[in-house]
Amino acid sequence: REYVYDLVGVCCHSGQTDCGHYYTFCRDKEENGEVSWWKYNDEIVMRVKESEVMTMKACMLVYEQKNKAQYTIKQIRELIQKSMAKPILEHESEAS
């Protein structure tokens with residue numbers, strides 16, 4: 001099985017090894033599918049270009065698995081039913 005990941009966060013450090021400051025970049029995906037990157041530096045939050053993020057000297061990268069298993073409601077219900085003795089009803093009206 002092939003695993004594919006998206007970069008979703010970049011943690012950076014400025015200063016020396018014994019002192020300094022951490023800040024981070026996080027990827028956000030809008031409902032319309034547009035991807036944007038945001039820089040979080042204490043109370044300052046600003047939108048940045050992806051090209052800026054990709055040129056940073058990162059101390060930590062955060063990835064999200066892209067091809068995670070997606071289940072339908074029916075599949076989730078079946079998985080739960082298999083693990084329970086009492087079946088789950090399809091609709092509230094079936095309970096009466």
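Is Asp 42 buried or exposed? Asp 42 counts as exposed, at 59% relative accessibility; here buried means under 20% relative accessible area, exposed over 50%, and partly exposed in between (1.4 Å probe, protein chains only).

## Ground rules

This is a predicted model, so to speak of local features takes pLDDT of at least 70 and side-chain atom pairs count only at pLDDT 80 or more, while totals for chains, interfaces and linings use all residues. Residues are numbered from 1 along each chain as its sequence is written, and side-chain values use heavy atoms, with hydrogens and water left out.

## Strands and turns

Strands (E, at least two residues) and helices (H or I, at least four) are DSSP runs numbered from the N terminus, and two strands pair if DSSP finds at least two bridges between them. Strand E2 (residues 20-29) pairs with strand E3 (residues 35-41) in the antiparallel sense, over six bridges. Arg 27 sits opposite Trp 37 of E3. The E2 and E3 hairpin leaves five residues between the strands, and Gly 33 takes a positive phi near 95° there.

E3 also runs antiparallel to strand E4 (residues 44-48), joined by five bridges; Trp 38 has Arg 47 in E4 as its bridge partner. This hairpin has two residues between its strands. Back to Asp 42: it lies in the loop between E3 and E4 and has a positive phi of about 55° despite not being a glycine. Most residues other than glycine have a negative phi.

## Salt bridges

A salt bridge here is a side-chain nitrogen of Lys or Arg within 4 Å of a carboxyl oxygen of Asp or Glu, and the structure holds three. Asp 6 meets Arg 27 at 3.8 Å, N to O, linking strand E1 (residues 5-15) to E2 across 21 residues. Asp 6 also pairs with Lys 66, with the closest N and O atoms 3.9 Å apart. Lys 66 is in the loop between strand E5 (58-65) and helix H2 (73-83), 60 residues from Asp 6.

Glu 34 forms a salt bridge with Arg 47, closest N and O atoms 2.8 Å apart. That pair spans 13 residues, from the loop between E2 and E3 to strand E4. Shared partners join Asp 6, Arg 27 and Lys 66 into one network.

## Cysteines

With a disulfide being a pair of cysteine sulfur atoms within 2.5 Å, the structure holds zero. Cys 59 itself has the sulfur of Cys 11 as its nearest, 3.9 Å away. Cys 12 is buried at 1% relative accessibility, whereas Cys 59 is partly exposed at 48%.
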